[in-house]
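Here's a friendly walk through one structure. Have a look at it first, then read on.

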Amino acid sequence: MRSSSSLVALLALVGTSHATRHAEIVHKRQAAAVAAGVTLVPAASGTSIPPLSSITFGMPSQATLPVSKTFSAGASAPVSGAPALPTPFVFNLADWPLEDHIPDTDSDEVTMWMKELEGKNIPNIPPTVDGSCVNDTAAAADAANRGWWTCGGYTRSTDIVACPDKFTWGVSFDDGPSPYTQTLLNYLDQKNVSATFFVVGSRVVERPQVLLEEYMAGHEISVHTWSHKHLTSLTNEQIVAELGWTRHAIRTVLGVTPTTMRPPYGDIDDRVRAISLAMGLVPIMWTRTPDGKQFDTNDWKVAGGLVAGPDSFATFQNILSNATVINTGFIVLQHDLYQITVDLAIGYTLNAALTHNPPFKLEAIGKCSNLSTSDLYFESNTNKTFPSYNNSNHGFDIDGDGVLELQLQSAGFTNMVPFFSTAIVAGVIAMFV
């Protein structure tokens, strides 16, 4: 979720000695957390996770793990109806935009992807200054009309915002694949927990083998843009480029194209929604309570040096208490980009969730939303119950090469457009008519 480039720069400036200088602050924060009634639990047994008080900005790094499995071209996919794995991905710099930068919008690929917006009702909402409320007070004042999630938590019926069943935990991790994702995957496998991974296109082309392992292990894969920028601050063409290149990267590695996305920072408004939906991508957010509390572990703040491990875990414990006051399940925001965020997940938050009383059911978001896994990818989707909205080109050009890889069928949409609940489909229809 949070900007990888800014945090990497911060981490590069600070060595392990910084952890020593922060020790006193960390202990004070820990004492404050205890005084506030926060239970500082030990790490999950059988792990090498450090004590919670030691999980802080500048902590010493541990060795990363290699991928545990390799997969050959032609291997069967874990999703019913999905094609076999394609030829192994080989990165060619000339084939892809500059990593961690907004892709150029004058490429042939973006020109082709822009055609997916033709005939759609894309609201004429001007871009925000930088995606923040404080630096764009005019847009913030109009947040309700814009449907701007960042300023006020506004959502639409097209957004997936919670698991429907109470005490069901929608497990999600943003911003990978990273060098630390494999450690998380090993833990999830041991605990038999599935998750939804919102992947950044720039990371996909860096670590395709990790993405393959996520997918082949049965986890869900979703789009999280190419360079992790605030989407409301971008032009229509830039948004299309961010989504299109990530969609293309995932399909090149896995052979399937996600039908869902999550905006970085949760920064979405009605313009971004309309563009995403026109490209066949249904937005998935994380849960807010009616009074505005977010199911955000704030693990990214520890990696950024803004808080220490005990502070993040205190936020997490508030999440657990909030879960009892809402009538649905919930979707939680976590990250697999840094060792700190993975340590917090496998050592503390997931461990606490798995041992919670009353028990939580931990599931990937598609599963907890009662969606068939086949519905989560264009190539395997055969759901014809609700033909949502017609694509004006009668298909999607995922590769941006002028050839429609995914065609509309005469008897509904086959391998084409995501199909979800009646509420979501009704919202999609309303947006595009």
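What follows is a short tour of a helix, some strands, a helix pair and one lysine.

This is a predicted model, in which local features need pLDDT of at least 70 and side-chain atom pairs count only at pLDDT 80 or more, while totals for chains, interfaces and linings use all residues. Residues are numbered from 1 along each chain as its sequence is written, and side-chain values use heavy atoms, with hydrogens and water left out.

Let's start with helix α9, residues 208–216. Helices here are DSSP runs of H or I with at least four residues, and strands are runs of E with at least two, numbered from the N terminus. In α9, 8 of the 9 residues are buried, so the helix is largely enclosed by the rest of the structure. "Buried" means under 20% relative accessible area, "exposed" over 50% and "partly exposed" in between (1.4 Å probe, protein chains only). Among the buried ones are Val-210, Leu-211, Leu-212 and Tyr-215, along with Glu-213 and Glu-214. The cover over them includes α7, β2, α8, β3 and α10. After α9 comes Gly-218, with a positive phi near 95°.

Strand β3 is covered on both faces. In a regular strand, side chains alternate between the two faces of the sheet. On one side of β3 sit Glu-220 and Ser-222, on the other Ile-221 and Val-223, and all are buried. β3 runs parallel to β2, joined by 4 bridges; strands pair if DSSP finds at least two bridges between them. Thr-196 stands opposite Glu-220 in β3.

| α10 | 236–254 | Asn-236, Ile-239, Val-240, Leu-243 |
| α11 | 270–278 | Arg-271, Val-272, Ile-275, Ser-276 |

Their axes, lines fitted to C-alpha atoms over the stretch in contact, come within 10 Å and cross at roughly 45°. That makes α10 oblique to α11, since angles under 35 degrees count as roughly parallel, over 145 as roughly antiparallel, 65 to 115 as roughly perpendicular and the rest as oblique. Contact means heavy atoms within 4.5 Å. The residues where α10 meets α11 divide into 5 nonpolar, 2 polar and 1 charged.

Finally, where is Lys-361 placed? Lys-361 lies in strand β7, residues 361–364, and counts as partly exposed at 47% relative accessibility. Its C-alpha is 9.2 Å from that of Lys-166, 195 residues apart along the chain. Neighbours within four places in sequence aside, Lys-361 is in contact with Phe-167, Thr-168 and Trp-169.

Methods
Axes are lines fitted to C-alpha atoms, for helices over the stretch in contact, and angles run from 0 to 180 degrees between N-to-C directions. Ala, Val, Leu, Ile, Met, Phe, Trp, Tyr, Cys and Pro count as nonpolar, Asp, Glu, Lys and Arg as charged, and the others, Gly among them, as polar.
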